[in-house]
Amino acid sequence: MFEKWGIWMEWDVIVVGAGLAGLVATAELADAGKKVLLLDQEPEASFGGQAWWSFGGLFLVDSPEQRRLGIHDSYELAWQDWLGTAGFDREDDEDYWAKKWAEAYVRFAAEEKRDWLHAQGVRFFPVVGWAERGGYLADGHGNSVPRFHIVWGTGPGIVKPFETRVRAAMSKGNVEYKPRHQVDELLMDNGRVIGVSGSLLTLSSAGRGEPSPRDVIGNFQYVAKAVMVTSGGIGANHDLVRENWPSRLGEPPKRMISGVPEHVDGRMLAITEKAGGRLVNKDRMWHYTEGIKNWNPIWPLHGIRILPGPSSIWLDATGQRFSAPNFPGFDTLGTLEAIQKTGYDYSWFILTEKIIEKEFALSGSEQNPDLTQKSIRQVLKRILPGPTAPVKVFMEKGEDFVVSDNLADLVNGMNKITGDNLLNLEHIESQLVARDREMDNKFTKDLQVTALRGARNYIGDKLIRAASPHKLLNPKNGPLIAVRLNIVTRKTLGGLQTDLDGRVLNENGLPIPGLYAAGEVTGFGGGGVHGYRSLEGTFLGGCIFTGREAGRALVRNLKNI
């Protein structure tokens with residue numbers, strides 16, 4: 001008993017945050033017979049956190065799915081790609097543990113990850129996606145080969161096995177789950193974290209992802225042998241995003257949309273920092289450039305990311321085509337930098353119906369009902385002519401879309417959307433005509449055309465992700481489509497610095513006794529496992545891996561507490 005606090009120590013560990021990392025850690029702890037108190041500020045409807053909303057992409061190396069498609073991958077190639085992408089340049093300080101986590105994670109992705117998930121019932125869509133293609137040199141940014149494995153069942157499919165394990169532990173009494181418990185402070189005793197205190201929030205009937213009220217109806221205080229923070233990042237807190245925005249990416253956007261629910265607010269970062277935890281790499285973040293406003297929003301400023309194939313023509317707000325390698329799907333952060341340096345916070349795709357029916361996918365479980373519901377019949381409909389049903393609805397109802405059978409009306413519609421009247425028909429037409437001339441033979445100096453033709457050498461892209469090269473202004477390929485692309489906030493690449501046991505470190509690099517962390521709140525490992533850029537499919541995987549490793553380390557370390 002902690003006489004100072006007047007509370008019996010009923011639990012071995014308190015886990016703060018019932019997202020993916022928290023569920024994985026809780027499952028590992030409970031399966032080892034430990035008593036866990038799982039707290040979350042949201043209603044039970046949001047159990048599983050933002051991972052539930054994801055497309056369910058996982059980074060795997062040398063998988064059976066890759067080998068079946070003729071993809072030759074290896075740990076060495078993946079590690080080369082990771083280092084070229086991360087660009088670690090603070091290795092004696094903020095990147096020290098991040099790089100160690102990165103090496104451990106790539107090894108996990110190349111060895112145990114798929115078999116371990118498969119044993120828990122996770123299955124994968126047979127076509128492997130090729131995300132973040134880079135476009136630089138061999139040792140620079142990007143995936144050298146396709147590595148983006150889509151979970152059969154998308155986000156809910158990756159949450160389910162860990163939710164099942166946690167709920168089984170709840171029924172046995174090893175886990176107590178308390179929603180609507182908002183942690184406000186980490187309790188300290190002689191330099192050790194021994195519990196949490198916070199606000200009991202009013203009951204809420206808010207659905208998954210919907211905003212929930214913050215009315216306080218009481219307070220709570222709990223103690224345990226250790227506390228693990230798994231509370232996510234700052235993606236919905238636009239003020240924090242702008243506060244930490246790096247100058248290398250230009251001025252922070254004046255207008256952004258949110259790719260995550262409102263509760264992804266970053267509160268626990270400051271609370272943990274107050275308890276002595278060290279925040280590192282705060283200037284590193286991952287926001288997408290291909291965001292569209294959800295015509296049927298669930299949370300405020302709800303944005304959906306387009307997962308584009310390589311064919312759409314990408315123009316800045318003034319109608320100037322971006323230079324290589326700022327093509328769709330090649331370099332997210334490089335294109336974000338290029339957009340921000342124009343002085344505007346949006347850009348445009350121009351494409352044809354032939355492109356949109358083959359190349360447009362929308363990120364998120366709710367935008368891919370065929371994959372989420374594991375319907376083979378519905379998936380097969382993707383090969384039929386025309387865009388998928390979710391994309392078609394956005395074309396009809398989304399405020400960012402213009403559809404026209406001629407370029408003049410298309411450009412006029414684009415100017416009406418923004419009201420800026422920045423787009424000149426003759427300038428845009430000249431660029432599209434020049435691009436279309438490159439279609440007349442197999443030779444080209446247009447690197448996007450080269451990339452498009454190269455993509456179709458991969459059977460996965462040829463089947464479902466890269467349209468047959470064609471002239472954009474040929475009416476038989478129409479109608480023409482324009483899409484305004486917004487900056488959509490998503491992931492926090494920096495965070496709490498942790499060692500390979502998930503122990504939170506202080507400013508002197510020493511573990512804070514009793515304090516652990518996992519998931520996005522740690523920058524997906526060590527305070528920034530991705531460095532400056534992500535290879536994609538590594539966010540869910542980072543939550544899984546850090547949650548698993550921190551949970552297992554706690555099982556070992558609790559013996560000494």
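Student: Buried means under 20% relative accessible area, exposed means over 50%, and partly exposed lies in between. With that settled, is R180 buried or exposed?

Tutor: Buried. This is a predicted model, and in it R180 has a relative accessible area of 4%, which is under the 20% cut-off.

Student: Where does R180 sit in the fold?

Tutor: R180 is in the loop that links β5 (175–178) to β6 (181–189).

Student: And what is its phi?

Tutor: Positive, at about 60°, although R180 is not a glycine. Most residues other than glycine have a negative phi.

Student: Which other non-glycine residue has a positive phi, of about 55°?

Tutor: That is K374. K374 is placed in the loop between α11 and α12 (376–380).

Student: Is K374 buried or partly exposed?

Tutor: Partly exposed, because its relative accessibility is 43%, a value between the 20% and 50% limits.

Student: Staying with the backbone, which residues does the cis peptide bond with omega about 0° join?

Tutor: A324 and P325. P325 belongs to the loop between β13 and α9 (332–340). There is also a cis bond from G478 to P479, where omega is near 5°. Most peptide bonds are trans.

Student: Where is P479, then?

Tutor: P479 is in the loop running between α17 (459–464) and β17 (480–492).

Student: Let's zoom out. How many helices and strands does the chain have?

Tutor: It has 18 helices and 20 strands. The radius of gyration is 24 Å, close to the 24 Å that the globule rule gives for 561 residues, so the chain is as compact as a globular protein of that length.

Student: What does the C-alpha trace span along its principal axes?

Tutor: About 80 × 50 × 45 Å. Of the 561 residues, 62% count as buried.

Student: What share of the contacts comes from residues 24 or more positions apart?

Tutor: 77%, counted over contacts with a separation of 6 or more.

Student: And what is the accessible surface of the chain?

Tutor: About 21400 Å², with 50% of that belonging to carbon and sulfur atoms.

Student: Now S311. Which loop holds it?

Tutor: The one between β12 (303–307) and β13 (313–316). S311 counts as buried because its relative accessibility is 3%.

Student: What does S311 touch, leaving aside neighbours within four places in sequence?

Tutor: I355, E359, R435, Q448, L452 and A467.

Student: New topic: how much space is in the second largest pocket?

Tutor: About 270 Å³. Its lining has 19 residues, and the closest to its centre are D370, Q378, T388, A389 and P390.

Student: Which element gives the most to that lining?

Tutor: α13, with three residues. β15 (361–362), α11 (369–372) and α13 (389–397) each supply at least two.

Student: How does the lining of the second largest pocket divide by class?

Tutor: Into ten nonpolar, six polar and three charged residues.

Student: How many cavities of 30 Å³ or more does the structure hold?

Tutor: One. The largest cavity has a volume of about 40 Å³.

Student: What lines the largest cavity?

Tutor: A18, D40, E42, P43, S46, F47, G49 and H263. By class, that lining has three nonpolar, three polar and two charged residues.

How values were computed. Residues are numbered from 1 along each chain as its sequence is written. This is a predicted model: local features need pLDDT of at least 70, side-chain atom pairs count only at pLDDT 80 or more; totals for chains, interfaces and linings use all residues. Side-chain values use heavy atoms; hydrogens and water are left out. On a 1 Å grid over the protein atoms alone, a cavity is a set of points where a 1.4 Å probe fits but cannot get out, and a pocket is an open set with protein on both sides within 12 Å along at least five of seven lines; lining residues have an atom within 4 Å of a point. Grid points are joined across faces, edges and corners, and a volume is the space filled by probe spheres set on the points. Ala, Val, Leu, Ile, Met, Phe, Trp, Tyr, Cys and Pro count as nonpolar, Asp, Glu, Lys and Arg as charged, and the others, Gly among them, as polar. Helices (H or I, at least four residues) and strands (E, at least two) are DSSP runs, numbered from the N terminus. Buried means under 20% relative accessible area, exposed over 50%, partly exposed in between (1.4 Å probe, protein chains only). Contact means heavy atoms within 4.5 Å. The radius of gyration is taken over C-alpha atoms; the globule rule is 2.2 Å times the number of residues to the power 0.38. Accessible areas come from the Shrake-Rupley method with a 1.4 Å probe; for residues, only the protein chains shown count as cover.
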